[in-house]
Amino acid sequence: MAGVCAAQPWPAKPVTIVVPFPAGGTTDVLARAVATKLSPVIGQSVIVDNRPGAGSTLGAALVAKAAPDGHTLLMGAVHHTIATSVYKKLPYDFQKDFAPITTVAIVPNVLVVSSAKPYKAVADLVADAKTKPEKLSYGSNGSGTAQHLIGTQFQMASGTALLHVPYKGSAPLATDLLGGQVDMSFDTITPVLPFIRDGKLKPLAVTTAKRSSVLPDVPTMQEAGISSLAIGTWFGLLAPAATPATVTARLNAEIVRIINTPEFRKQMMDIGAEPVGNSQADMVRQIREETEKFAGLVKAGKVTVE
């Protein structure tokens, strides 16, 4: 029976993309965009399964232990390369237990505050924060995520002390940000863009080295005087490590083809994402290099999670 199952062509059943955050965030939006286009191409349903918790590590652990048959994938992100250094114990090794498929997109993070706040620029926020050590708060998508580390770097570079408030995802974070329960966030552009356009949230700076095409008037952190901060968030698909190379190669080919279509690229640009679609080897190298880079940043910022 095992031999018969192994000989079955892929896909033999619906494919599930596990999203380690709640619905509504950038990871979820990108996963659903890929799922919609991939399903008709492979002739099977592609289901998005939201499994939030523990700074994106719960969903990753689920996929690491899944059957390596190409039917369970992870929409991973830069958070996973950070978690490797932040969490003292993880039930998986991100570099050994996953087979990278392709990076879907890179999305800038943006420092936003409620429009009710008096800050007009990063300098205003920094000046206020310095008079109120650990009184101003910033929300993140969980301990050990990119938003958490960006907030840590921001404090180190600006000489401020902020209170970190972890959430399970962008949707609950945005709700509290709009309601004034948290003062700021360093979330990706995608989930906060509608609120920025509606005038409910105020963008002060993007965290990437260059300005965002959807927020061209918003300065970079470097332009705003925070010279040592330049980070963007990448999102990509991975499979369990033992997944057959023929399956991951086909997934790469099909998904890269989707990413390079004018329709998909426009869809990404409209939400502030920069489409990528790289090779498996490129994604392996990207994960290795970023894991090493963030290990140094985590150590410098003394960021740990039990």
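The following legends describe close-up views of a predicted model. Local features require pLDDT of at least 70 and side-chain atom pairs count only at pLDDT 80 or more, while totals for chains, interfaces and linings use all residues. Residues are numbered from 1 along each chain as its sequence is written, and side-chain values use heavy atoms, with hydrogens and water left out.

View 1. Six strands form an open sheet in the order 2-1-3-10-4-11, with mixed pairing. Strand 2 (46-50) and strand 11 (274-275) stand at the edges with a single partner strand each, so one side of each has no neighbour in the sheet. Strands are DSSP runs of E with at least two residues, and helices are runs of H or I with at least four, numbered from the N terminus; two strands pair if DSSP finds at least two bridges between them. Strand 1 (residues 15-19) pairs with strand 2 in the parallel sense over five bridges, and Ile 17 stands opposite Val 48 in strand 2.

**View 2. Helix 2 across the sheet.** Helix 2 (residues 26-42) lies across strand 1, strand 2, strand 3 (72-77), strand 4 (98-108) and strand 10, and runs at about 160 degrees to strand 2. Axes are lines fitted to C-alpha atoms, for helices over the stretch in contact (heavy atoms within 4.5 Å); angles run from 0 to 180 degrees between N-to-C directions. Within helix 2, Asp 28 and Arg 32 are four residues apart, about one helical turn. They form a salt bridge with the closest N and O atoms 2.8 Å apart (a side-chain nitrogen of Lys or Arg within 4 Å of a carboxyl oxygen of Asp or Glu). Asp 28 is buried at 4% relative accessible area, whereas Arg 32 is partly exposed at 35% (buried, under 20%; exposed, over 50%; partly exposed, in between; 1.4 Å probe, protein chains only).

**View 3. Surroundings of Thr 233.** Thr 233 belongs to strand 10 (residues 232-240) and is buried, with 0% relative accessibility. Its side chain makes a polar contact with that of Asn 109 at 2.6 Å; such a contact is a pair of N or O atoms within 3.5 Å, where within protein one must be able to donate a hydrogen and the other to accept it, and residues adjacent in sequence count only if both atoms are side-chain atoms. Leaving aside residues up to four places away in sequence, Thr 233 touches residues including Val 78, His 79 and Thr 188.

View 4. Arg 285 and Asp 282 meet through their side chains at 2.4 Å, N to O.
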